[in-house]
Amino acid sequence: MEEKTTEKKQVIYSAIQPSGNITLGNYIGALRNFSIFDEAETRLYCVADLHSLTVRQNSAELRKRSLSLAALYMACGLDPENNIIYCQSTVSAHAELAWILNCFTYMGELSRMTQFKDKSAKHADNINAGLFTYPVLMASDILLYQTTTVPVGIDQKQHVEICRDIAQRFNSLYGDVFTVPEPYIRTVSAKIQSLSEPTKKMSKSDPEESFVSVFDKPDVIRRKIRRAVTDSETEIRYAPETKPGVSNLLTIISALENKPMDDVVASLSGLGYGALKEAAAEAVIREFTPIQARFDEIMADKETLSRLLKQGAEHAEALARKTLRKVYKKVGLVQL
Ligand code: TYM
């Protein structure tokens with residue numbers, strides 16, 4: 001006899017901003033983990049182009065990078081026939097729900113967001129309202145699809161938490177409208193650090209030499225990793241507090257080779273930092289070379305790419321509308 005289950009179906013949702021070169025940090029912290037959920041009922045992967053507008057962008061570049069990111073999702077193994085891959089701006093429900101949820105989010109909680117504080121410091125001449133309400137748009141992305149699981153890097157944990165708070169607040173007023181999502185964060189690879197300042201997160205908006213891009217060619221990858229900041233000792237040891245640079249390179253190898261940290265350290269014992277850097281660079285090159293080849297193939301057929309994105313948007317739109325209709329009804333908006 002088949003057992004009845006009351007468990008919710010698994011809905012996976014994640015997004016990346018097309019606001020710069022997609023980095024090794026984005027790849028290890030998020031992108032690479034997306035295919036872990038191949039068995040989940042519904043999986044949505046979004047190009048968060050609306051989020052990118054919080055920082056000034058070159059319009060032509062943004063459009064190009066958005067298409068590239070969608071192609072990269074596919075090149076990393078997400079089959080567009082079984083995963084909903086789309087651009088955020090092509091599904092208007094995101095912006096619509098964001099307005100409503102803005103009215104259920106407090107200034108105080110938004111002003112505590114560390115990403116807002118960091119970005120305001122970095123872009124002091126453009127602290128716009130979008131930067132402040134950014135987490136509400138992200139909450140809308142997630143909540144529109146009754147998401148259960150959000151695979152992200154550790155830097156997005158606070159944003160998933162505020163999303164949960166908003167969902168719970170709304171549900172306590174109007175009944176069970178939203179599923180309250182859980183973040184999925186892999187501890188080993190949750191945060192890849194900058195190559196030039198290993199106490200800081202690797203970020204696509206920092207100078208070129210501080211990150212490896214998914215699109216870097218082998219010679220560039222080798223050069224950047226060879227120049228990575230380490231320390232004045234010679235011993236290869238995992239100690240993130242005291243040896244952040246060395247530990248970062250060890251984390252990269254451990255994550256990409258799916259090897260426990262102790263095994264990685266043991267395999268390099270007695271060797272110098274040159275060997276560590278060589279091993280890290282080779283691990284990255286092995287990972288990125290086939291992805292780059294698939295990416296080139298996908299980008300060579302823009303018509304198919306556009307068709308797949310349109311299909312993704314239509315599918316996402318249909319799911320999103322269901323939630324949005326419910327929300328409109330609950331809050332008392334006229335529906336004709
Ligand atoms: P974004 O574009 O900054 O980063 C995309 C994903 O990459 C992860 N990440 C990292 N992981 C490990 N080490 C790093 N150095 C590193 N840098 C970035 C991030 O944690 C993220 O998972 N607000 C989001 C995009 C977004 C979103 C969403 C995510 C919009 N809507 C809905 C999940 C669900 C962002 O700016 O990510």
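Start by selecting Glu-287 and Arg-32: they form a salt bridge, with 3.5 Å between the closest N and O atoms (a side-chain nitrogen of Lys or Arg within 4 Å of a carboxyl oxygen of Asp or Glu). Keep in mind that this is a predicted model, where local features need pLDDT of at least 70 and side-chain atom pairs count only at pLDDT 80 or more, while totals for chains, interfaces and linings use all residues. Residues are numbered from 1 along each chain as its sequence is written, and side-chain values use heavy atoms, with hydrogens and water left out.

Next, colour the domains: domain 1 is 11-184 + 301-331 and domain 2 is 208-296, with bounds from an automatic or database domain assignment. Their centres, taken over C-alpha atoms, lie 30 Å apart. Twelve residues of domain 1 and 16 residues of domain 2 take part in the contact (heavy atoms within 4.5 Å).

How much area do domain 1 and domain 2 bury between them? The value is about 1,300 Å², 69% of it on carbon and sulfur atoms; buried area is the accessible area (1.4 Å probe) that two parts lose on being put together, summed over both. Now show Leu-24, Arg-32 and Ala-75, which supply 39% of the area that domain 1 buries against domain 2, more than any other three residues.

Finish with the links across the boundary. The count between domain 1 and domain 2 is one salt bridge. On the domain 1 side, select helix H1 (24-34) and helix H3 (59-75): each supplies at least two residues that touch domain 2 (helices are DSSP runs of H or I, at least four residues, numbered from the N terminus).
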